[in-house]
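Try each one before reading on.

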Amino acid sequence: MIFIVAILAITIPNSTCHRRRSRRSDFSDTHDTEQNFRDLCSRTDRSDVCLNILKSELHRFDNSDNRDIIDSVIDLATDKSKVIGDQLDQWFRDSNDDNLKEKYHSCSNNYNDVERNLQEMHRNLDSDDYRRISDQIDDAEERLDECKREFGSNSFDPGHVGDRNNELKLYLDMVRAASDHL
């Protein structure tokens, strides 16, 4: 009986200490990740919006190193691009205005190209070819600019495609800011 009590006395404090240590480690990891987010977002044009996006998606970030962050930010950009591209496809199908249909179709094609650029960024990241990531970002931004030109400054834009382009450009800025430090 004394032997069992001795074993319990030894193991309980050790397991309790281990839990405390792991909580501190979790806090430290979260704090490091948030600090990396702040550093990353400070290198974008819209740092507050960037930080809100990343904090809302904290569960996507397993690690706080730059490589993990850029991988996750590319995933976020890909998801956003797919959502906008799907919306453009839906507007194309729903519109009765041939002029708008043409614009939505053209923009949808551009968003497909952006998605391919984002997939290529993942491949470049996996192969440690970081310089090409910047080239892919430039190409994706050009596709978004083409879509923006479709609608022009005075054109009827019921879907606010220009706003959606600007939103995706922020994600691309985040990828660029993260990739510049690899």
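Q: Does Asn 165 count as buried or exposed?
A: In this predicted model, Asn 165 has 1% relative accessibility. Buried means under 20%. Asn 165 therefore counts as buried.

Q: Which helix is the place of Asn 165?
A: Look at residues 161-179. They make up a helix, and Asn 165 is in it. That helix is H6.

Q: The side chain of Asn 165 reaches the backbone oxygen of which residue?
A: Leave aside the neighbours within four places in sequence. Asn 165 is then in contact with Tyr 111, Leu 144, Cys 147 and Lys 148. At 3.1 Å, its side chain reaches the backbone oxygen of one of them, Leu 144.

Q: Cys 147 is joined by a disulfide to which residue?
A: Cys 147 is buried, with a relative accessible area of 0%. Its disulfide has an S to S distance of 2.0 Å. The partner is Cys 107.

Q: How many residues apart in sequence are the parts that Cys 107 and Cys 147 tie together?
A: Cys 107 lies in helix H4, residues 98-126. Cys 147 lies in helix H5, residues 130-151. So the pair ties together parts whose separation in sequence is 40 residues.

Q: Is the disulfide of Cys 41 and Cys 50 left-handed or right-handed?
A: The sulfur atoms of Cys 41 and Cys 50 are 2.1 Å apart. The torsion about their S-S bond is about -70°. The disulfide is therefore left-handed.

How values were computed:
Residues numbered from 1 in each chain as written. Predicted model: local features only at pLDDT ≥ 70, side-chain atom pairs only at ≥ 80, totals over all residues. Heavy atoms only, no water. Helix = DSSP H or I, 4+ residues; strand = E, 2+ residues; numbered from the N terminus. Buried < 20%, exposed > 50% of the residue type's maximum accessible area, 1.4 Å probe, protein only. Polar contact = N/O pair within 3.5 Å; in protein donor to acceptor, adjacent residues only side chain to side chain. Contact = heavy atoms within 4.5 Å. Disulfide = S-S within 2.5 Å.
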